[in-house]
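Student: Could you walk me through a close look at the packing inside this one? Please spell out the cut-offs as you go.

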Amino acid sequence: MIPFEDVEHKTGTFGALIRLLPLVAGVALAVGWAASTPVVLQGPPRAVPADASMADAVAALNSAVDRLAVGKGLHVARPAPDLTVLRRITLAFFGTVPSLQEVRGFEADRAPQRLERWVDRFLEDRRFGDYFAERLATFVVGTDDNQFLLFRRDRFREWLSSRLMANTPYDQVVRELVSQQGLWTGKPAANFVTAAVGDDDLDEMKLAGRTVRSFLGQRMDCAQCHDHPFADWTQAQFQGLAAFYGQTGITLAGVEDDPEKELEIREDGMPVMKDDGAVKKKVVPPTVPFHPEWLPATGTRRQKLGEWLTHRNNRRFARAVSNRVWGYLFGRPFHQPVDDLPDPPVGESDQVLDIVARDFARHGYDFRRLLRVLTRSKVFRADSSVPQVLEADELEKHEKAWAVFPLVRLRPEQIVGSFQQTFTMRTVNQNAPLIMRFIRLVQENEFIQRFGDLGDDELREGGGTIPQRLMLLNGKLPNELAEASPISAAGRISGMAPTDEVCVETAYLVCLTRRPEPAERDYFVGRLAGKTGDDRSAVMHDLFWTLFNTTEFSWNH
Amino acid sequence: MEPLKHGCARCAIGRRSFLRLAGGTALSFLFPGMAARAATQRGVERPKSLITLWLSGGPSQLETWDPHPGKLGQASDFRLATRLKGVFVSPWFPRVADVLDRLTVIRSLTSKEGDHERASYYLKTGYRPDPTLRHPSLGAILTQQMPDPELEIPQHMTISPSNWPAHGGFLGDQFDAFKIFDPRDGLQNMQAPVEAERQKSRQESLRLVEKSFRARNPAGGDRTRHQETVDEAFAMMSSDQLGAFHLEDETKAVRERYGKSAFGQGCLLARRLVEVGVRAIEVTLDGFDSHVNNLETQKSRAEDLDPALAALILDLEERDLLQSTVVLVIGEFGRTPKINLAEGRDHWPQGFSALVGGGGLRRGIVIGETDPEGQKEMPSDPIQVENLFATVLSVVGVKHDRELMTRVGRPMKLCAGSPLARLRMS
């Protein structure tokens with residue numbers, strides 16, 4: 001069956017098809033269905049085994065972050081409330097806010113190390129694999145649809161998700177990506193290569209650029225045509241790296257390496273252009289820009305490249321992925337831009353990124369461990385505000401020094417995910433039937449289409465643009481999801497809450513993962529007082545609409 | 001001020017004289033949907049706007065502005081005389097032929113990009129795709145460099161956008177074109193979904209919750225610019241300038257002149273938007289990618305394009321807006337001189353056509369020639385896309401070679417080309 005994304009891309013009648021489905025009916029049907037097959041939460045998550053090395057790593061990380069604020073006259077933020085941290089975790093792991101079910105379960109859990117245990121539980125949840133795989137896929141293969149027949153994004157994502165769920169060491173995953181041979185449907189890792197095919201031709205330069213950006217955290221692309229103006233990359237070095245893909249081609253058997261093939265460039269050193277025809281060319285031998293001793297003696301070129309990239313002494317590799325995962329958790333990478341890091345410091349460093357990267361590398365590139373370390377850090381659990389800081393630029397200074405948790409706008413799919421989660425009180429899970437995912441996909445695409453997708457440059461922060469604001473204020477999706485009906489959260493909470501106070505409190509927990517302040521509670525309880533039927537529904541509708549339009553809803557804080 | 005909704009048709013006087021009346025006196029309020037300021041500004045002093053008619057898919061130069069009758073699979077009578085002496089276009093464009101003297105025909109645009117996405121990028125930004133950053137489209141550049149401070153609605157818009165709508169690139173996504181999916185649908189997300197009373201009460205609730213957030217995070221409130229974006233959004237929602245979207249205010253005759261298609265009405269909307277001061281508008285007509293059945297496909301597109309383009313030019317001229325509005329009619333590439341096995345034409349970036357005019361550009365000339373035998377790939381007098389764009393930018397008053405520092409630390413010129421002197425009015 002052709003995946004839905006591709007249908008949309010191919011036929012363009014998708015939108016027309018969807019307009020046939022009344023929006024709320026569709027959502028209601030699907031979500032009701034999903035809610036009837038909820039995630040089964042078996043009480044509080046089991047205890048976390050003691051791990052002295054992890055405690056040490058976290059302590060070292062905390063000290064290193066503390067040092068960033070020293071001598072700058074900055075205040076360090078207090079710890080944030082646990083519910084706030086829970087929200088940050090579900091947004092990063094699942095792309096959504098915690099469900100009421102999760103909030104209740106979390107609050108009822110009084111045993112020690114609550115956040116650590118819930119992180120562990122979430123790491124076992126398939127939603128984590130799927131969402132993180134989508135984000136990793138974006139940076140590894142970009143967002144282009146590419147040539148459908150040669151590139152299967154859906155298979156690639158599924159494969160990456162299962163690797164994440166199995167906690168396959170990350171270096172192994174990368175070696176697979178770089179060196180996989182075979183059909184991209186049967187061997188989904190091969191999509192890393194086929195994603196660089198345009199006009200039936202494998203673009204080695206594009207692949208080389210992507211390899212270096214994704215796995216070394218360096219932008220060498222400028223060096224495609226001239227020596228990099230800032231870093232030490234030369235054009236020759238870039239081309240030497242691209243030559244590792246010089247023998248790769250697409251055949252009927254899939255991605256293959258042909259020992260007869262070579263990468264060629266023009267005699268003047270410039271890449272071969274399509275119209276070059278009879279221009280004289282020369283072969284480029286494969287070379288790495290540094291540490292050639294990291295290349296193994298045997299294997300195909302791509303296998304050798306894979307080993308070189310993931311060599312245990314290649315600090316750039318661990319730093320690159322650590323920086324990116326930091327970005328996924330905090331909404332902002334430690335270094336910006338995310339894929340252009342400074343050279344690693346000489347010798348063993350006690351800087352933040354190196355501490356994280358070293359721990360990651362020394363423990364077999366354990367992805368789950370990386371996430372555990374980062375979510376246990378003081379800065380991940382810090383408040384996003386400091387009472388003494390009253391001005392925006394002061395706050396920015398604090399954010400730059402990681403003295404507070406940064407305020408970052410949520411991504412469009414996180415906002416859609418949050419809308420959908422707030423529609424119901426039970427956890428919406430990926431095992432939900434096809435129709436649910438169908439609806440979700442449509443809504444996401446339509447919403448994202450209007451809301452604006454950050455695309456390839458995905459850790460760039462989108463500002464709050466007017467179309468996005470208009471979408472939230474006046475759009476059909478937020479308004480219809482906020483309506484009080486027998487199947488929506490707004491309606492069910494209104495009907496089931498024993499008092500107006502509980503009603504308002506539950507609405508806040510569902511939408512904003514917090515309780516209302518006294519002034520807020522008094523206001524909304526006042527508006528609900530004595531109202532029944534349609535009048536009550538209208539107030540609930542307005543309450544949910546209001547919460548959807550707050551800064552808090554669209555931002556990570 | 002409520003824009004009055006009655007159309008000009010109900011007034012007994014003719015349109016031209018009514019316009020003059022409305023513009024020149026305090027009767028401008030009678031003219032529906034137009035702010036007083038825009039109504040009084042006409043002619044050359046008006047700040048310039050850009051309307052791009054984006055022909056998506058690759059329009060065939062042979063079946064539009066550069067026919068070679070009797071050759072390359074074309075019938076021997078496949079041509080139509082135009083207002084320009086000695087210049088012929090495809091016989092499917094009788095109305096455009098009649099206004100061709102207001103435009104310049106470029107037959108020798110040349111590019112090296114034959115892939116839809118890459119070519120669209122090039123033909124919208126003047127730069128070939130680059131993995132390290134995203135260039136802004138022409139309209140975004142204009143909008144960013146020369147914004148209109150009195151405009152309450154978005155400055156940069158795209159009507160019926162296709163796959164790769166005009167975007168702000170490294171200038172920032174606040175310069176992305178505001179999307180209007182179907183011009184006949186009116187505006188999306190501009191109207192509160194509830195009636196005024198309830199909307200007021202919702203706004204009050206929102207202010208309360210925001211106040212609470214600000215109390216807990218004083219700097220955060222400013223940092224997120226939330227209040228500003230909400231205020232801007234509300235200002236837009238209540239702006240008179242939104243009247244531009246009320247296509248029903250136009251007479252039936254005018255609406256029919258543009259053609260009933262989404263594209264036709266989109267061009268009409270573009271004209272109205274220019275009138276209230278919107279800086280850059282892109283209107284997309286899709287479906288030119290005729291790998292199969294070239295003649296049928298191009299003809300069906302012509303049915304939408306011909307009336308709409310002609311009506312737009314005439315309308316702009318009548319309303320004294322043509323001198324301050326650049327109109328660019330362009331696609332991502334042309335189509336092969338040789339017909340393929342499916343009676344279609346494939347991609348051909350080597351030599352393709354565009355129409356450009358208004359805004360102070362030269363009119364009534366033809367630049368370049370493609371080979372009627374289809375042997376020579378390159379046209380004579382080839383025009384680089386970036387040079388055309390540099391010309392457009394310079395004529396609207398933007399310093400085309402201004403260098404900006406992008407976020408990645410790479411300096412980038414707004415446009416890498418140089419203006420073509422012969423395209424400017426002497």
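Tutor: A nonpolar core is a set of buried Ala, Val, Leu, Ile, Met, Phe, Trp, Tyr and Cys residues joined through side-chain atoms within 4.5 Å. Buried means under 20% relative accessible area, exposed over 50% and partly exposed in between, with a 1.4 Å probe and protein chains only. This is a predicted model, in which local features need pLDDT of at least 70 and side-chain atom pairs count only at pLDDT 80 or more, while totals for chains, interfaces and linings use all residues. Residues are numbered from 1 along each chain as its sequence is written, chains are lettered from A and ligands numbered from 1 in the order in which they are written, and side-chain values use heavy atoms, without hydrogens and water.

The largest nonpolar core holds 193 residues, and Phe93(A), Trp326(A) and Phe544(A) have the most contacts inside it. Beyond its neighbours within four places in sequence, Phe93(A) is in contact (heavy atoms within 4.5 Å) with residues including Phe122(A), Phe128(A), Tyr131(A), Leu329(A) and Leu371(A). A second, separate core of 41 residues includes Leu328(B), Ala390(B), Leu393(B) and Val408(B).

Leu393(B) also takes part in a helix pair. Helices here are DSSP runs (H or I, at least four residues), strands are E runs of at least two, and both are numbered from the N terminus. On the helix 5 side of chain B, Leu138(B), Ile141(B) and Leu142(B) meet Phe389(B), Val392(B), Leu393(B) and Val396(B) of helix 12 of chain B. This contact has seven nonpolar residues, no polar and no charged ones; Ala, Val, Leu, Ile, Met, Phe, Trp, Tyr, Cys and Pro count as nonpolar, Asp, Glu, Lys and Arg as charged, and the others, Gly among them, as polar.

The axes of helix 5 (residues 138-145) and helix 12 (residues 385-396) of chain B come within 11 Å and cross at roughly 25 degrees. Axes are lines fitted to C-alpha atoms, for helices over the stretch in contact, with angles from 0 to 180 degrees between N-to-C directions.

Chain A has 27 helices and eight strands, with 59% of its 557 residues buried.
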